[in-house]
Structure formats: C-alpha cells, structure tokens
Amino acid sequence: SKNEHSKALHMFEKTLCIHIATVGEWHPYTVGTYCNIGGVYSSMGDCDKALQVYEKALLIQLATLGKQHPDTASTYSNLGSTYHTKGEYDKALQMQERALKINLAAQGEHHHSTAVSYMSLADTYKKKGERKAVNSYQQALHILLTTVGLQHPSTAAVVRSLTSLYISPVAQTNTVAGPLTAPGRTAYSSSTNNHDTEAADAAGAADAADAAD
C-alpha cells in the first residue's frame, strides 16, 4: 500500500543518512541502501526517482567494485527493469545486455543470475515484438533446466513465456525478424533446435503435471 511504501522509504532514507555519516558515501552499505530506496520508488511507480537513485548506486559501484562485479550487474538489471516499466525498451536493452555480459564473465553460463539476465532481455524483446525473445528465453530455459530443474518457478515462468510467444498472433506476424514458429518447425541452428526440443519437453511435462493435479 501507499502508506507501507512511505514507511519503507522513510526508514531507508534514515538508514542512508546513518550510513553516509558513519561509513561514508562510497561504502557497500550505502550503495545497498540506495538500491533499496530505488526499489521502493520503483514499487511506487515513480520510475524517474528510481532511475536517479539507481544511477547514484551504479556510479559508486563502478568506482569501488568495477565494471565486472555481480553487484554492478544487479544494478544494471534494476535500471533495465525500470526503463522497461517506463516503456523505454531500447534503454532497457542496453542495461540488460550489460548485466548479462557481466554475469557471463563473473558468474558463468550456468548460473541463475545469468538465466535471469536472459529472461529480462527476452521480456523486453517480447515487448518490442522481436524474435530475439525466443532465443533469449531458450537460453534461460537451458540454464534453468540444468541448474534448478523443471519444477522451479523460474523454469515454469520461462515455459509460459515461450508458449505465449509461439501462439501469439502478434509474434506470428512479426515482420522485423521474421515469423515465430512452434518448437521444431523451423531450424534456426543446431543449438536452437536443441533448445526448441527442451522447450517442447518442458511444456509437455508442465501440462502433464497440471493434468495430474
């Protein structure tokens, strides 16, 4: 609720003042509090203020942690999500691509944070009506199936998103990068075919689990 958000914002702002006074502007505690404040603004729908605070946090992280730190990737991701919410999808993609690049370098291909980066990219590509959404979702699905398994909520979310793309009339008539097709119908590449099979198997298993319930 608005009252709860206001209370949270007040608490984090008091915490921020304490951190700046005791450990300084450039301390991880301070950066974490900036990110918390940005999260509250984002939840309140005040994207502009959220972006200002996230940019402040990013500035400190780049100066203290560097460009390749997972925390820096997290802030890029937050910026990307906020731009996505604003409908500024090109800016969102810039932030999300930076987050993915850092996560691939710092966390590796088979890490949940990397999968989340692929998911965020896919969500934005989907909003833009680009077929790149399919490949990004497939990358996320491959990682999730090998790390957390089929029954994880993140895996289920990717399967649902892929399914919606395959059946979406908008996606099917996309003219930017060609039409989207159901798994196994079109060979984009050998690796894509493998991911298509994974998506189909995951979707089928999810349907079977739903039927069993």
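Colleague: How many salt bridges does a search of the whole structure find?
Modeller: The search finds six. This is a predicted model, where local features need pLDDT of at least 70, side-chain atom pairs count only at pLDDT 80 or more, and totals for chains, interfaces and linings use all residues. Residues are numbered from 1 along each chain as its sequence is written, and side-chain values use heavy atoms, with hydrogens and water left out.

Colleague: What makes Glu25 and Lys56 a salt bridge?
Modeller: The term asks for a side-chain nitrogen of Lys or Arg within 4 Å of a carboxyl oxygen of Asp or Glu. The closest N and O atoms of Glu25 and Lys56 are 3.4 Å apart, so the pair qualifies.

Colleague: Why is this pair said to tie parts together?
Modeller: Glu25 lies in the loop between helix H1 (2–22) and H2, and Lys56 lies in helix H3, so the pair ties together parts 31 residues apart in sequence. Helices are DSSP runs of H or I with at least four residues, numbered from the N terminus.

Colleague: What makes Asp48 and Lys86 a salt bridge?
Modeller: Their closest N and O atoms are 2.8 Å apart. That meets the cut-off, so the name holds. Asp48 sits in helix H3 and Lys86 in helix H4, 38 residues apart. Asp48, at 45% relative accessibility, counts as partly exposed. Lys86, at 35%, counts as partly exposed too.

Colleague: Which residues are linked with Asp48 in a network of salt bridges?
Modeller: Lys86, Glu88 and Lys91 are linked with Asp48 in that network.

Colleague: How do you know whether Glu130 is buried or exposed?
Modeller: Glu130 has 16% relative accessibility, so it counts as buried. Its side chain meets that of Lys128 in a salt bridge (3.4 Å, N to O). Lys128, at 30%, counts as partly exposed.

Colleague: How do you know what span to expect for helix H4?
Modeller: The expected span is 1.5 Å times one less than the number of residues. H4 (residues 70–86) has 17 residues. From first C-alpha to last, H4 reaches 24 Å, close to the 24 Å expected.

Definitions and conventions
Helix = DSSP H or I, 4+ residues; strand = E, 2+ residues; numbered from the N terminus. Buried < 20%, exposed > 50% of the residue type's maximum accessible area, 1.4 Å probe, protein only.
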